[in-house]
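Good morning, everyone. Please take a moment to look at the model on the screen before I walk you through it.

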Amino acid sequence: MNKNRITYWLMIAIIMVTVGACTEEEGPNPNVSVITVESKTQNAFDKYLDEIYRKPYNIRFMYKMEDIESDMDYQLVPALYENSIKMANLVKYLCLDAYEDVAPDGFLEKYFPKMIMMVGSPAYLNNGTMVLGTAEGGLKITLYNINNLDVTNAAALYRYYFRTIFHEFSHILHQTKDYSTDFDKISATDYVGGSWDDAWDSGSSLEAGFISDYSSKETDEDFVELIAHYITNSEEAWAEKMEAAGENGSAIIGEKMAIVKAYLKQVWDIDIDKLRASIQMRASKLGEQDLDKITIE
Ligand SMILES: [Zn+2]
């Protein structure tokens, strides 16, 4: 092969690489029509979502009206664009990054739900209960009420969004590998099933050993509610709750928490106290975060 020929092949190779690199963004390429259509409608936020959710975790962060049209059980309003940006940054910062701090490599990539959907309005059940979030088969988490997002109120962030995320994600974990049946025995005769929302006077579920009214529905809900509440309460706030639970309630919750902690440690190599510390530390620095950013620094 003479020198000219080498140059020729080199040039072809360079052109191919260049063309290859361009198709995804600029198109049109008849062979990749789907990708082309998607990239044409991609705004700067979509590209940012690709960088922080899709590429590292293969997660689709959905915030557009067309994404929620299939969900017609409720009258739903799309999420405000600005609030969707804030939530994208918040979920990354307060949830994914917190797990990254303490979980083994590859944990989120493998087990975290693949779709997170934003809905602007709240959703209500026929009985008037506000739906905070739903999860479908561990694949998709839907967060409602995004248009009332208040990023200055950590308690509200936990209540309306993050406890839901931690709750649903924890379902995936126990559905993947179940916890000890010893857990089921602790409150075995006290679960109330579907009447959880009117079975308790204020505070009485806590005294009976349930961290929330919803915990009393059945064992799986009890298990994931404990995780979600534990990591969204500081050590002091948790101690206050146990105080309020009284001797009986706190003993029961303590017994359950011992199983929860051992399960997360042994099965998933996650120290729940470190996870809580990471979330609490992050929440305390929330005010320093730029939640409106749509570019990677
Ligand atoms: Zn649940």
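Predicted model: local features only at pLDDT ≥ 70, side-chain atom pairs only at ≥ 80, totals over all residues.

Does His167 count as buried or exposed? At 7% relative accessibility, His167 counts as buried, where buried means under 20% relative accessible area, exposed over 50% and partly exposed in between, with a 1.4 Å probe and protein chains only. His171, at 9% relative accessibility, counts as buried too.

Residues are numbered from 1 along each chain as its sequence is written, and side-chain values use heavy atoms, with hydrogens and water left out.

Now to the zinc ion, whose protein donors are His167 (NE2), His171 (NE2) and Glu221 (OE), lying 2.1 Å from it; donors are N, O and S atoms within 2.8 Å of the metal (3.2 Å for Na, K and Ca), and because water is not among the atoms, sites may look incomplete. Along the chain, these donors follow the spacing H-x3-H-x49-E. Because His167 and His171 are 4 residues apart in helix H7 (residues 154-176), about one helical turn separates them.

Turning to the whole protein, there are 12 helices and 6 strands, which are DSSP runs numbered from the N terminus (helices H or I, at least four residues; strands E, at least two). Buried residues make up 44% of the 297 residues in the protein. Finally, of the contacts with a separation of 6 or more, 72% are between residues 24 or more positions apart, a contact meaning heavy atoms within 4.5 Å.
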